[in-house]
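User: I'd like to go through this model with you. Can you take it piece by piece?
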Amino acid sequence: MASPGQIIFWSIISIIIILAGAIALIIGFGISAFSIPEVNVDYNASSESLRCEAPRWFPQPTVVWASQVDQGANFSEVSNTSFELNSENVTMKVVSILYNVTINNTYSCMIENNIAKATGDIKVTDSEIKRRSHLQLLNSKASLGVSSFFAISWILLPLSPYLMLK
């Protein structure tokens, strides 16, 4: 059985390893945040509108709307995007409204910065609303760093009790 001193020692070592990994990610890849957008029909608007919201992004992304029917159309004149700083004053909430949408069409809200690209799709028909979303990491170093960090964490944490017994 491990002594209380050994338990404390290995607990501290585990915390240091996790913090070191987090610090390496921040230094190596910069502070970044991204989230998958949720696209909904905006019932508060005076015309048929869609609302795209993503709770956390940093650095500030670009937002582009696309349509399956009107491929190549520029929706910048019929959309309004805002970025609201979150309470921690680091990340921002992204809110984009697309006005004058037509029924029986699929619209995509694409949010992108130098780290990730997230897309929320919505198809509105007379009888139903279908949604789909996905996230793609653009920076291969960030992807590798994030996956490596979590792999190391998931390997070391389960070993902590075993290491404490030594």
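Analyst: Start with one residue. Isoleucine 103 touches Val124, Thr125 and Asp126, leaving out residues up to four places away in sequence. Note that this is a predicted model.

User: Where does isoleucine 103 sit?
Analyst: Isoleucine 103 is in the loop between strand S5 (92-99) and strand S6 (105-112).

User: Is isoleucine 103 buried, exposed or partly exposed?
Analyst: Isoleucine 103 counts as partly exposed because its relative accessibility is 45%, which falls between the 20% and 50% cut-offs.

User: What separates the C-alpha atoms of isoleucine 103 and lysine 123?
Analyst: The distance is 8.1 Å, for two residues 20 apart along the chain.

User: What stands opposite lysine 123?
Analyst: Lysine 130 in S8. S7 and S8 pair in the antiparallel sense over 9 bridges, and they form a hairpin with 4 residues between them.

User: And on the S6 side, how many bridges join S6 to S7?
Analyst: There are 8 bridges between S6 and S7 (residues 116-124), and the two strands run antiparallel. As for facing residues, tyrosine 107 stands opposite isoleucine 122 in S7.

User: What is the strand order in that sheet?
Analyst: The order is S3-S6-S7-S8, an open sheet of 4 strands with antiparallel pairing. S3 and S8 (129-137) each have a single partner strand, so they stand at the edges and one side of each has no neighbour in the sheet. On average, neighbouring strands are turned by 15° against each other, direction ignored.

User: What holds paired strands together, in general?
Analyst: Strands of a sheet pair through backbone hydrogen bonds, either parallel or antiparallel.

User: Changing topic. How many disulfides are there?
Analyst: The count comes to 1 disulfide. The bond joins cysteine 52 to cysteine 109, with an S to S distance of 2.1 Å. The pair links distant parts of the chain: cysteine 52 lies in strand S2 (residues 49-57) and cysteine 109 in strand S6, 57 residues apart.

User: Which hand does the link of cysteine 52 and cysteine 109 have?
Analyst: Left-handed, with -80° about the S-S bond. Both cysteine 52 and cysteine 109 are buried.

User: Now the whole protein. How many helices and strands?
Analyst: The protein has 2 helices and 8 strands. From the N terminus on, the elements run α-β-β-β-β-β-β-β-β-α.

User: How much of the protein is buried?
Analyst: Buried residues make up 31% of the 166 residues. The protein exposes about 10300 Å², and carbon and sulfur atoms supply 61% of that area.

User: And what share of the contacts comes from residues 24 or more positions apart?
Analyst: They account for 56% of the contacts with a separation of 6 or more.

Methods:
Residues are numbered from 1 along each chain as its sequence is written. This is a predicted model: local features need pLDDT of at least 70, side-chain atom pairs count only at pLDDT 80 or more; totals for chains, interfaces and linings use all residues. Side-chain values use heavy atoms; hydrogens and water are left out. Buried means under 20% relative accessible area, exposed over 50%, partly exposed in between (1.4 Å probe, protein chains only). Contact means heavy atoms within 4.5 Å. Two strands pair if DSSP finds at least two bridges between them. Axes are lines fitted to C-alpha atoms, for helices over the stretch in contact, and angles run from 0 to 180 degrees between N-to-C directions. Accessible areas come from the Shrake-Rupley method with a 1.4 Å probe; for residues, only the protein chains shown count as cover. A disulfide is a pair of cysteine sulfur atoms within 2.5 Å.
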